[in-house]
Amino acid sequence: MRKWLVLASTLVLLGNHSAPLRYFYVEVPMNSPQDLAPLRARGLDVAGINLERKTASIVVQENQLGQIRDLTIISQRPVERLDEEYKTPEEVEATLIEVEKNFPQLVKRESIGRSVEGREIWAVALTQKQSINKSKKTMLIDAMHHAREVMTTEVALDMIDYLTSHYQTDSQVKEWLDNYEVWVVPMLNPDGNHRVWNEENMWRKNTQGGHGVDVNRNYPYAWGSCNGSSGLKTSDTYRGHSAGSEPETQALMALAKRIQPKFNLSYHSYSEIVIYPFGCSPETIPAPDSKIYLDTGRELAKKLVKDSGQGSYQSGTSYELLYNVDGGSIDWMYGKEKIMAFVVEVNGTWQGFQPSYKKWRDVTVQRQRAGWMYLLEQMAAPGIK
Ligand SMILES: [Zn+2]
């Protein structure tokens, strides 16, 4: 209860004006991605899609419900309270310090930069430090570009836990860490997450200037080019005042440039899809990269069983499956650095951003293992650079 006691006492101090905002998930029909454009044009927060049910899920504040009465609403439910078992920035830091202490020969912890509010952005490199191979191939995992997507940090932390704790007993894991460096950034946006815990559980952006910037619309590749982000500071997809302006964006870019990973997996939620470049147009990856890139994306999606237990994820570009996205991380990773990068959107629309920890945390992170393990297996296969 600790975290919520802090919130409750803050609210008492601030008085009634700061009553927590109440949000609803509202499900509306979506026959094709084109149906999302008018919703986004109205400034609605399109949070995810369900390709089977052909629906989109939008997050609406209670006092905005009246403004969407004209939409066909299939279902509507209040956003649940965030379970306290999910991690705060301080708890992520403590977890990484602990794992480094327990596995000093396998874990190298490093701050890759500081957030807008000065929090360290932590990464760990998982690798057998004593092994002979000195020029190891690398892979980069990042989570929580978006503050409210709390399950993504759990997926990253589970990967760290799994690889370190299985090194001694699992020859496959041993081979991976002997030969590769697996870099994991479990919480790219700690300031936003701090706000999720203390003010607004549906907060998405960082906290730049108080209004925040959508870190995943801030990358300097096709930035602000196709109406796939917003120039309005109040928008949930505000792209920032210039390309690459945010310290969180810069931190991940600097790490990627330095380690030149073969793969980048970027965890988001939700929709149960795998996304590859590009976000702006029907244009996808050009030959000769396209075959191996798209095949890998398709295979990755196939490995990921949905949390319902029925069927697996689908793959495609954001443009094909969702809506235009500009300034997204994976377009920059591939477009500028030729890194094979994928977004994985974990959890279904029916689970939302913050599903019950007790019920879903272990299920989701365990199902995600098949995805990142598949990419670790592909580290030895031909790549695109
Ligand atoms: Zn996201």
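Close-up 1. Asp295 and Arg298 both sit in helix 8, three residues apart, which is about one turn of the helix. In this predicted model, the two side chains form a salt bridge, with the closest N and O atoms 2.8 Å apart. Asp295 is partly exposed, at 28% relative accessibility, and Arg298 is partly exposed as well, at 43%. Elsewhere, salt bridges with shared partners tie Lys87, Glu154, Arg361 and Asp362 into one network.

Close-up 2. Side chains of opposite charge can pair when their charged atoms come close. Lys101 and Glu98 do this, meeting in a salt bridge at 3.7 Å, N to O. These two are three residues apart in helix 3 (residues 89-102), so about one helical turn separates Lys101 from Glu98. Lys101 counts as exposed at 59% relative accessibility, while Glu98 is partly exposed, with a relative accessible area of 38%. Now look at Asp214 and Arg217, whose side chains also meet in a salt bridge, at 3.9 Å, N to O.

**Close-up 3. The disulfide between Cys226 and Cys280.** The structure holds one disulfide, and Cys226 and Cys280 are the residues joined by it, with an S to S distance of 2.2 Å. The torsion about the S-S bond of this pair is about -85°, so the disulfide is left-handed. It links distant parts of the chain, with the two cysteines 54 residues apart. Cys226 comes from the loop between helix 6 (190-198) and helix 7 (247-259), and Cys280 from the loop between strand 10 (273-276) and helix 8 (289-303). Both Cys226 and Cys280 are buried.

Close-up 4. Zoom in on strand 2 and strand 3 (residues 55-61), and you find an antiparallel pair held over five bridges. Asp45, for one, has Val59 in strand 3 as its bridge partner.

**Close-up 5. Strand 8, covered on both faces.** How many residues of strand 8 (residues 180-185) are buried? Six of the six are, so the strand is largely enclosed by the rest of the structure. In a regular strand the side chains alternate between the two faces of the sheet. For strand 8, one side carries Tyr180, Val182 and Val184, the other Glu181, Trp183 and Val185, and all of these are buried. Strand 6 (residues 120-126) runs antiparallel to strand 8 and is joined to it by three bridges, with Val124 standing opposite Val184. Strand 7 (residues 137-143) runs parallel to strand 8, and six bridges join the two. Within that pairing, Leu140 has Trp183 as its bridge partner in strand 8.

**Close-up 6. Helix 7 against helix 10.** Two packed helices are described by the angle between their axes and the distance between the axes. For helix 7 and helix 10 (residues 329-337), the axes come within 11 Å and cross at roughly 35°. The crossing is right-handed. On the helix 7 side, the contacts come from Leu252, Met253, Ala256 and Lys257, which meet Trp332, Met333 and Glu337 in helix 10.

**Close-up 7. Met202 and its surroundings.** Met202 belongs to the loop between helix 6 and helix 7. With a relative accessible area of 3%, Met202 is buried. Which residues does Met202 touch, leaving aside those up to four places away in sequence? The contacts are Tyr23, Tyr25, Val59, Val79, Arg148, Phe353 and Gln354. Leu126 lies 76 residues from Met202 along the chain, and 32 Å separates their C-alpha atoms.

Terms used
Residues numbered from 1 in each chain as written. Predicted model: local features only at pLDDT ≥ 70, side-chain atom pairs only at ≥ 80, totals over all residues. Heavy atoms only, no water. Pairing = 2+ DSSP bridges. Helix = DSSP H or I, 4+ residues; strand = E, 2+ residues; numbered from the N terminus. Disulfide = S-S within 2.5 Å. Buried < 20%, exposed > 50% of the residue type's maximum accessible area, 1.4 Å probe, protein only. Salt bridge = Lys/Arg side-chain N within 4 Å of Asp/Glu carboxyl O. Contact = heavy atoms within 4.5 Å. Axes fitted to C-alpha atoms, helices over the stretch in contact; angles between N-to-C directions. Left-handed = near helix turned anticlockwise from the far one by under 90°.
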